[in-house]
Amino acid sequence: MRVLGAGLVVIGALAAGCGGVGTDTTVAKPKVDTAAATRQAKAAKVAAAAKVKANELGQIPVIMFHRVVDKPTTQDDRTPAQFRSDLERLAKDGYVPVSAAEYTTGKIDIPAGKHAVVLTFDDSSPSQLTLDELGQPKQGTAVQILQDVAKRNPGFRAAATFYVTRDMFGKTAPEEQAQMLLWLKQNGFDIGNHTRDHHSLSGKPQKAVVDEIAAGQKLVTALDGAPPVTLALPYGNQPRKKDWARSGKSGDVAYNHAGVFLAGYTPAPAPYNKNFDPLGIPRIRAMDKKGDCAQFCSTAWLDWLNQNADQRYTSDGDPTTVAYPKFKAPFLRKDFTARALPY
């Protein structure tokens, strides 16, 4: 009996050992070093930004167009051939259009190594957009040419901002005006406020300034349903106090613009740069090198940016970061510190 009892004890011990700790074959998973993974991912982004010489604190040309007509009558007019040449030059030089809304709100999303450009159209001329009976832009209009150049140059976006007034692409009936804005919106274009009547705001009292801007806001919002993000000042003339152009209220209509555009002579700072002034964003007139434009219009400035590439906005391809050479760090706006990617 003693032997049998001892044997049972041995067997019990062996049985217990079959499922015990000594035979557990489970392999413990190694702990993930999240801090190291984060550092590695950031190092890869820094290397990628350095490779394309990203400079998202650089200058961005905001080009101002008006009519696109066969027989120009003012210095602001461009022929269809000139306008096509303007766009093809931008595509060749590595520019990608972004809207004024994307630019002023810091939502620039273009491929690595490319340069941002903002195309703006003032006064809502029929030469900018006229639709045929099938709802397509007519040949020779600015939108048709822009879409054609984008199609022929992959990566070059058909993106632009149209600053409209009560003379809405030659349409007078509200339904026709709404049709034009709806077409622009559905095709990826941006619509801005240019006031209702295109009167200069210079020297006017605050109420007159606010009433005119609010009327433009109401005009667009009633037809489009969305308030304009930006304003282009008629003739580039600022009111006595710049803040009046950015925000205000007239009756039941309020406006609050992310950016106010002038009609100046220089490229504009990137929205991430300390020099960016949302109350006075310069634009460049679309014109060839002649007269004053030998130095201050689009052709001259694009030549200058090509020759001074370190001054030009160049993307790192990541819209969540603001990449730039380390020595430019003092120019970063504090609002974008969390997105900074110096290299």
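I started with aspartate 211, which is partly exposed at a relative accessible area of 26%. My cut-offs: buried is under 20% relative accessible area, exposed is over 50%, and partly exposed is in between, with a 1.4 Å probe and protein chains only. The side chain of aspartate 211 meets that of lysine 207 in a salt bridge, 2.7 Å from N to O. I count a salt bridge when a side-chain nitrogen of Lys or Arg is within 4 Å of a carboxyl oxygen of Asp or Glu. Both residues lie in helix H7, 4 residues apart, about one turn of the helix. Helices (H or I, at least four residues) and strands (E, at least two) are DSSP runs, numbered from the N terminus. Lysine 207 counts as exposed, at 60% relative accessibility.

A note on provenance: this is a predicted model, where local features need pLDDT of at least 70, side-chain atom pairs count only at pLDDT 80 or more, and totals for chains, interfaces and linings use all residues. Residues are numbered from 1 along each chain as its sequence is written, and side-chain values use heavy atoms, with hydrogens and water left out.

**Other salt bridges**

I found 19 salt bridges in the structure. Glutamate 102 and arginine 157 form one of them, at 3.2 Å from N to O. Glutamate 102 sits in helix H4 and arginine 157 in the loop between H5 and E5, so this pair ties together parts 55 residues apart in sequence. Glutamate 102 is partly exposed at 23%. Arginine 157 is partly exposed at 30%.

Next I checked aspartate 197 and arginine 166, whose closest N and O atoms are 2.4 Å apart in a salt bridge. Aspartate 197 is in the loop between E6 and H7 and arginine 166 in the loop between E5 and H6, so the pair ties together parts 31 residues apart in sequence. Aspartate 197 is buried, at 17%. Arginine 166 is partly exposed, at 45%.

I also traced a network of salt bridges that links Arg89, Lys92, Asp93, Lys289 and Asp303.

**Nonpolar cores**

I define a core as buried Ala, Val, Leu, Ile, Met, Phe, Trp, Tyr and Cys residues joined through side-chain atoms within 4.5 Å. The largest has 37 residues, and Leu87, Leu119, Phe162 and Leu184 are among those with the most contacts inside it. Several elements each supply at least two residues, including strand E4 (115-122), helix H5 (142-152) and helix H6 (174-186). H5 gives the most, with 6 residues.

I then listed the contacts (heavy atoms within 4.5 Å) of leucine 184. Leaving aside neighbours within four places in sequence, leucine 184 touches Leu129, Phe162, Phe169, Phe189 and Ile191. A second, separate core of 24 residues includes Leu57, Val62, Ala232 and Phe261.

On a 1 Å grid over the protein atoms alone, a cavity is a set of points where a 1.4 Å probe fits but cannot get out; a pocket is an open set with protein on both sides within 12 Å along at least five of seven lines; lining residues have an atom within 4 Å of a point. Points join across faces, edges and corners, and a volume is the space filled by probe spheres set on them.

The largest pocket has a volume of about 240 Å³. Its lining has 16 residues, with Ser99, Ala101, Phe189, Asp190 and Ile191 nearest its centre. Helix H4 (100-104) and strand E6 (190-193) are the elements that give two or more residues to this lining.
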